[in-house]
Amino acid sequence: MTATRVDFYQLSRDPVDVTTAKLARKVLQAGERLLVVSGDEAQRGQLGKLLWEQGGGTFLANGMAGGPHEAHQPILLSADCAAPNDARMALIADGQWRDDALGFDRVLLLFDGTQRDAAAELWRRFAQDDQIDNRINKQDENGAWREGR
């Protein structure tokens, strides 16, 4: 059994929508599909709109889970961790960990300052599990994300 990689992203400089767009673009450039998870319907709608409005030929095609073409979406937005688009990567935009996410090859967990304690507790839990490769990513003053400790 291979380990699931969980990347923790503490939002400090950029908000969740900007960070989601940056990370989604990288996932697509790598030739992968992505599942974006949020329990907040309004947030899912806002993220979907933002991804489409990236401008010109750089828009990020996406759709909502339950839609007529969900299996064909390169980026699928959903309230849960089911991936009818066969994504092997998930991005948790609302900061609320779901153990179902461990079924993906890689998970990007975005969290803000109010969720820092819960993320730290999750980090400690994962550090004791050989089946999880957890990493922290920090944003520099220019907005670039770097793996750190």
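**Exercise 1.** How many bridges join strand 7 to strand 8, and do they run parallel or antiparallel?

*Solution.* Start with the ground rules. The model is predicted: local features need pLDDT of at least 70, side-chain atom pairs count only at pLDDT 80 or more, and totals for chains, interfaces and linings use all residues. Numbering starts from 1 along each chain as its sequence is written, and side-chain values use heavy atoms, without hydrogens and water.

Step 1: Strands are DSSP runs of E, at least two residues, and helices are runs of H or I, at least four, numbered from the N terminus. Strand 7 covers residues 132–139.
Step 2: 4 bridges join strand 7 to strand 8, and the two run antiparallel. Pairing requires at least two DSSP bridges.
Step 3: Lys138 stands opposite Arg146 in strand 8.

**Exercise 2.** Describe how helix 1 packs on helix 2.

*Solution.* Step 1: Helix 1 (residues 16–29) meets helix 2 (residues 41–52) at about 50 degrees, with axes 10 Å apart. Axes are lines fitted to C-alpha atoms, for helices over the stretch in contact; angles run from 0 to 180 degrees between N-to-C directions.
Step 1: The two helices are therefore oblique to each other. Under 35 degrees is roughly parallel, over 145 roughly antiparallel, 65 to 115 roughly perpendicular, the rest oblique.
Step 2: Contact (heavy atoms within 4.5 Å) involves Val16 and Ala24, among others, in helix 1, and residues including Leu47 in helix 2.
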